Each structure stands twice: as structure tokens, then as C-alpha cells.
Amino acid sequence: MKENFYAAKSMMKPLDLGYQKIDMCPNFCMLYYLENTEIIECMTCGHSHYKPRTDRGKTLVAYKKLRYFSITSRLQRLFMSPRTTEHMTWHQSHDAVDGVMVHPSEGEAWKHFNSVHPHFSAESRNMRLGLCTDGFNPFGSFAAPYSCWPVILTVYNLPPGMETL
């Protein structure tokens, strides 16, 4: 157990589990990203990019921020350890039991995908991912301005019980 937050954070830094903050329109019209960072109002709805400044505050504060978690480094980590690398090809090497489906690789959709894309399915290390998202309001009131949109990513290459990333 780490003594404090700073020690825990410094231990996690090499794992590249950080995120990038990207300003966005509060009406979800656009992202203020790359060439759009200097724009002061939304090009679609005209809403201001920044909250009005107070007398004490000198920095500009965006109305809404998106937190972007890079998927690339997280997926690369699955191949960094020999133990997890072995599990990443499990979907192709396991023995299926007739009449019992224990993994999506035994389903009709997986087999159809393999027949349509034989070049992709020939390499067992190619990753198959499932994505699920749904919004909810943690405070239970539709009038509250705060909402969460969790994204769940499942790696279908892994054996049952190890799928969630």
C-alpha cells in the first residue's frame, strides 16, 4: 500500500493510464480540439466556449470538458507480458465443446466474420473488441446538468472471465 496519493500516482505514471482533457460545447455540438482551440464560441449553436470571468479569476474556464482515455496504450499493455500474450490468442487455440457456447468465438457471428474477412482472422493476435455505452444521470433528476456516459470495452480475444478492459 502506498503512503500517499503522490506515491501512488508516480507508480501508475509508467503505465500510461492518464487522460487528455478536451474542451467541448455544452450543447454537444463540437469539440475545441487541434485547430479549434482558439475559437471563442461554438460554430454550430453560438454558445460561448468559456465561462464569464470573475474579477479574481484570470484563467479561462471552459463550460464543459471531455476526458479522453487513449485506447492504444491500454491495448498494447495486453501484449507486454508473456502471460497475457498467451491469453490473447486463447480464442483460436481452445477446444470447443459441441452444443455448449462458452465464448463468443464459438458463435455464428464470429464464424461468419471469419468467413467474410479471412485475412483478418488468419492472424490470431488481431484484436476483436466489443463496445457498449449508455448515459445516466447520477443524481436521478433530469433537471441536473451533470450526466455520465461510461464506455465499456470488452476484449473478445481473452478467455471467459478475463474480458473486461
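Analyst: A search of the whole structure, which is a predicted model, finds two salt bridges. One of them is formed by Asp23 with Lys65, and the closest N and O atoms of this pair are 2.7 Å apart. Because Asp23 lies in strand β1 and Lys65 lies in strand β3, the pair ties together parts of the chain that are 42 residues apart in sequence. Lys65, by contrast, has a relative accessible area of 37% and is partly exposed.

The other salt bridge joins Arg125 to Glu123, with 2.9 Å between the closest N and O atoms. Here Arg125 is partly exposed, at 49% relative accessibility, and Glu123 is partly exposed as well, at 31%.

Strand β1 covers residues 20–24 and is joined to β3 by five bridges, the two strands running antiparallel. In general, the strands of a sheet pair through backbone hydrogen bonds, and they can do so in a parallel or an antiparallel way. These strands belong to an open sheet of three strands, in which the order is β2-β1-β3 and the pairing is antiparallel. In this sheet β2 and β3 stand at the edges and have a single partner strand each, so one side of each of them is left without a neighbour in the sheet.

The loops next to these strands deserve a careful look too. In the loop between β1 and β2 we find Phe28, which has a positive phi of about 65° although it is not a glycine. In general, most residues other than glycine have a negative phi. Phe28 counts as exposed, with a relative accessibility of 53%. Further along, the loop between β2 (31–32) and β3 (64–68) holds Tyr33, and Leu34 has its place in the loop between β2 and β3 as well. Leu34 also has a positive phi, of about 55°, without being a glycine, and at 58% relative accessibility it counts as exposed, whereas Tyr33 is partly exposed at 34%. Tyr33 and Leu34 are among the members of a nonpolar patch on the surface, which is formed together with Leu31, Leu66 and Tyr68 and has about 440 Å² of accessible area in total.

When contacts between residues at least 6 apart in sequence are considered, 45% of them join residues that are at least 24 apart.

His103 has its place in the loop between α4 (90–93) and α5 (108–116), and it counts as buried because its relative accessibility is 1%, where the cut-off for buried is under 20%. A polar atom of the side chain of His103 lies 2.9 Å from the backbone oxygen of Leu158. Beyond its neighbours within four places in sequence, His103 is in contact with several residues, including Trp90, His91, Trp110, Tyr156 and Leu158. Cys132, in turn, lies in strand β4, which spans residues 129–133, and with a relative accessible area of 46% it is partly exposed. Although Cys132 and Ile152 are 20 residues apart in sequence, their C-alpha atoms are 5.2 Å apart in space. Setting aside its neighbours within four places in sequence, Cys132 is in contact with Pro150, Val151 and Ile152.

Definitions and conventions:
Residues numbered from 1 in each chain as written. Predicted model: local features only at pLDDT ≥ 70, side-chain atom pairs only at ≥ 80, totals over all residues. Heavy atoms only, no water. Helix = DSSP H or I, 4+ residues; strand = E, 2+ residues; numbered from the N terminus. Buried < 20%, exposed > 50% of the residue type's maximum accessible area, 1.4 Å probe, protein only. Polar contact = N/O pair within 3.5 Å; in protein donor to acceptor, adjacent residues only side chain to side chain. Contact = heavy atoms within 4.5 Å. Patch = residues over 30% accessible without salt bridge, like charges linked within 9 Å, V, L, I, M, F, W, Y side chains within 5 Å. Areas by Shrake-Rupley, 256 points an atom, 1.4 Å probe, with all protein chains shown as cover. Salt bridge = Lys/Arg side-chain N within 4 Å of Asp/Glu carboxyl O. Pairing = 2+ DSSP bridges.
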